[in-house]
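Try each task yourself before you read the solution below it.

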Amino acid sequence: ADRLSKLGFEFDGKAAANDQRYQKVYDALKRYKELNGDLFVPQPYVVPDGDKDWPEDLWGLRLGARVNAIRSQGTFVRTNPDRKVELDELGFEWDPPADGKKRGRK
């Protein structure tokens with residue numbers, strides 16, 4: 001740990017927890033895209049419990065709410081521009097489709 005400290009790594013528990021949460025969301029987005037072909041995650045979407053298509057550590061993740069927070073509040077990306085680049089490369093949808101709210105309701 002000393003060597004990492006000298007390299008400027010800060011062992012800040014809060015930052016580490018944030019990194020872990022971000023990594024989970026990123027992994028879930030990647031998997032969501034593999035399964036669905038896009039990243040238009042509906043707001044109520046939760047990674048299904050017990051679904052073998054998903055890694056177990058992602059089960060129950062409120063992915064739709066996380067996506068919404070990233071879009072509306074800049075969660076995870078506001079303080080870390082590298083993550084925004086990562087999400088861009090993944091094809092993250094920063095704006096939900098305009099018809100998203102109307103879909104299925106006439």
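**Exercise 1: A leucine and its partners**

Task: Find which residues Leu-87 is in contact with, leaving aside its neighbours within four places in sequence.

Solution: Setting those neighbours aside, the contacts of Leu-87 are Tyr-22, Tyr-26, Leu-29, Ile-70, Val-77, Phe-92 and Trp-94. Keep in mind that this is a predicted model. Last, check the cover: Leu-87 has a relative accessibility of 1%, so it counts as buried, the cut-off being under 20%.

**Exercise 2: The largest nonpolar core**

Task: Name the residues that touch the most other members of the largest nonpolar core, and say which elements give two or more residues to this core.

Solution: The core has 20 residues, and Leu-29, Leu-63, Ile-70 and Leu-87 touch the most other members. The elements giving two or more residues to this core are helix H2 (13-36), helix H3 (63-73) and helix H4 (81-90). H2 provides the largest share, six residues. To see how one member is surrounded, take Leu-29: leaving aside neighbours within four places in sequence, its contacts include Leu-39, Val-41, Leu-63 and Val-67, as well as Leu-87. As background, nonpolar side chains tend to be buried together in soluble globular proteins.

**Exercise 3: Aromatic pairs**

Task: How many aromatic pairs does a search of the whole structure find, and what kind of pair do Tyr-22 and Phe-76 form?

Solution: The search finds five pairs. For Tyr-22 and Phe-76, the ring centres are 5.7 Å apart and the planes meet at 65°; angles over 60 count as edge-to-face, so this pair is edge-to-face. Tyr-22 is in helix H2 and Phe-76 in the loop between H3 and H4, so the pair ties together parts 54 residues apart in sequence. Another edge-to-face pair joins Phe-92 and Trp-94, with 4.5 Å centre to centre and 65° between the planes. Phe-92 is buried at 5% relative accessible area, while Trp-94 is partly exposed at 22%. Lys-84 also lies over the face of Trp-94, 4.3 Å from the ring centre. Tyr-22, Tyr-26 and Phe-76 are linked by ring pairs into a cluster.

**Exercise 4: A backbone angle to notice**

Solution: Phe-76 is not a glycine, yet its phi is positive, about 75°. As for cover, Phe-76 has 7% relative accessibility and so counts as buried.

**Exercise 5: The whole chain**

Task: Describe the secondary structure of the chain and how much of the chain is buried.

Solution: The chain has four helices and zero strands, giving the pattern α-α-α-α along the sequence. Of its 106 residues, 24% are buried.

Technical notes:
Residues are numbered from 1 along each chain as its sequence is written. This is a predicted model: local features need pLDDT of at least 70, side-chain atom pairs count only at pLDDT 80 or more; totals for chains, interfaces and linings use all residues. Side-chain values use heavy atoms; hydrogens and water are left out. A nonpolar core is a set of buried Ala, Val, Leu, Ile, Met, Phe, Trp, Tyr and Cys residues joined through side-chain atoms within 4.5 Å. Buried means under 20% relative accessible area, exposed over 50%, partly exposed in between (1.4 Å probe, protein chains only). Contact means heavy atoms within 4.5 Å. Rings of Phe, Tyr and Trp (its six-membered ring) pair if their centres lie within 6.5 Å; planes under 30 degrees apart count as stacked, over 60 as edge-to-face and the rest as tilted. A charge sits over a ring if NZ of Lys or CZ of Arg is within 6 Å of the ring centre and within 35 degrees of the ring normal.
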